Amino acid sequence: QAKREGRSRFRFYSASLSNEAQVLLDLGEGLREALQRDEFVLLYQPQAELRSGRVVGVEALLRWRRNGTDMMMPDRFVPYAEETGFINAIGDWVLQEACHRAAHWLRIGLPELGMAVNLSPRQFAGPHLFEHVSDALGASGLPPHLLELEITEGSLLQHGAAVSSTLASLRGLGLSLAIDDFGTGYSSLAYLNQFPIQVLKIDRSFLSGLPDDPRAVSLTSTIVAMGRNMNMRVLAEGVENLAQWNFLRDLGCHGAQGWYVGPPMTAEVFEAWMATNPVFPPPGDPSSG
Ligand code: C2E
Ligand code: MG
Ligand code: MG
Ligand code: MG
């Protein structure tokens, strides 16, 4: 009853709201119920090792199948979920789902795959993160070394001293930590060096200029070289073609993720795809050197 009244009040006022405010109210209404209605879906995008060409992991990417129809992209609701705090509950679901999926894949005999999960800044700074992560590992039985948490440079810059202890306690669980979208924030590799970080993900905006634009070439070369010197694994996002793949492999970059390797896929599609033993570049590709 109260809910029904809430809805009609909402409609009454909505006539006078700006379009943008209307969109936000709709999002809030929807997000409140999306978890109960089981409307979130994770897609999995493969990550390949450049040296061997083998698939060694996936990144879990969130979609919202709102009202059972359209697949809403995270850029359209994650910022709002972050602002309102819904992200904590959603992020907990993501952790549980991703860990269970990865553990399932191990059990059915897929090659060992790392599972990368995105953490938003608010989730990273929240009081329940450690508990949520250790619960997800414990409940799924996923070996911790297969879980990788992706945080942004922004998360590290925000909260000073608390950041180091959060990172240290997560590392203590045996998982690995990655910096997502590296190069888009304001932190330097020297700054990152003080934190226990194992993986650097080069933002895909740097990839579009490869291998032809000299500026993109020098930036990526520098990031790969410095990352390697700091004993980090470096992975490039947004790898879309063989020329980029070859360039990154020759630089000594460790991993690649992007449409060239494979798009984000549902769990079922990913399993079928893995059954074809994908390797990069595909054998017989005439342009592969
Ligand atoms: P991200 O973590 O940097 O994820 C990579 C994005 O690049 C994904 O977009 C992916 O679909 C896209 N992409 C992959 N390969 C290529 C390529 O070859 N070319 C191009 N142009 N794009 C490519 P998506 O799935 O729309 O995700 C956008 C962002 O949403 C993610 O960026 C991440 O920051 C956030 N996000 C996704 N899932 C979650 C989640 O579960 N929790 C949180 N907090 N954030 C999430
Ligand atoms: Mg990511
Ligand atoms: Mg990224
Ligand atoms: Mg991104």
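**Exercise 1. Which element gives the largest share of the lining of the largest pocket, and what else lines this pocket?**

Step 1. Start with the main contributor. Strand β2 supplies five residues, the largest share of the lining of the largest pocket. The model is a predicted one.

Step 2. List the elements that give at least two lining residues each. They are β2 (55–65), α3 (78–84), α4, α5 (121–125), β5 (147–152) and β6 (176–182).

Step 3. The lining has 34 residues, and Glu59, Leu61, Pro74, Asp75 and Asn118 are the closest to the centre of the pocket.

**Exercise 2. Work out how the axes of helix α4 and helix α6 are arranged, and which residues meet.**

Step 1. Locate the helices. Helix α4 spans residues 86–107, and helix α6 spans residues 129–140.

Step 2. Take the axes. They come within 9 Å and cross at roughly 30 degrees.

Step 3. Classify the angle. Angles under 35 degrees count as roughly parallel. Helices α4 and α6 are therefore roughly parallel to each other.

Step 4. Assign the hand. The crossing of α4 past α6 is right-handed.

Step 5. Read off the contact. From α4 come Asn88, Asp92, Leu95, Gln96, Cys99, His100, Ala103 and Arg107. They meet His132, Val133, Asp135, Ala136, Leu137, Ala139 and Ser140 of α6.

Step 6. Sort these contact residues. Seven are nonpolar, five are polar and three are charged.

Key. Residues are numbered from 1 along each chain as its sequence is written. Chains are lettered from A and ligands numbered from 1 in the order in which they are written. This is a predicted model: local features need pLDDT of at least 70, side-chain atom pairs count only at pLDDT 80 or more; totals for chains, interfaces and linings use all residues. Side-chain values use heavy atoms; hydrogens and water are left out. Axes are lines fitted to C-alpha atoms, for helices over the stretch in contact, and angles run from 0 to 180 degrees between N-to-C directions. Helices (H or I, at least four residues) and strands (E, at least two) are DSSP runs, numbered from the N terminus. Angles under 35 degrees count as roughly parallel, over 145 as roughly antiparallel, 65 to 115 as roughly perpendicular and the rest as oblique. A crossing is left-handed if the near helix is turned anticlockwise from the far one by less than a right angle, and right-handed if clockwise. Contact means heavy atoms within 4.5 Å. Ala, Val, Leu, Ile, Met, Phe, Trp, Tyr, Cys and Pro count as nonpolar, Asp, Glu, Lys and Arg as charged, and the others, Gly among them, as polar. On a 1 Å grid over the protein atoms alone, a cavity is a set of points where a 1.4 Å probe fits but cannot get out, and a pocket is an open set with protein on both sides within 12 Å along at least five of seven lines; lining residues have an atom within 4 Å of a point.
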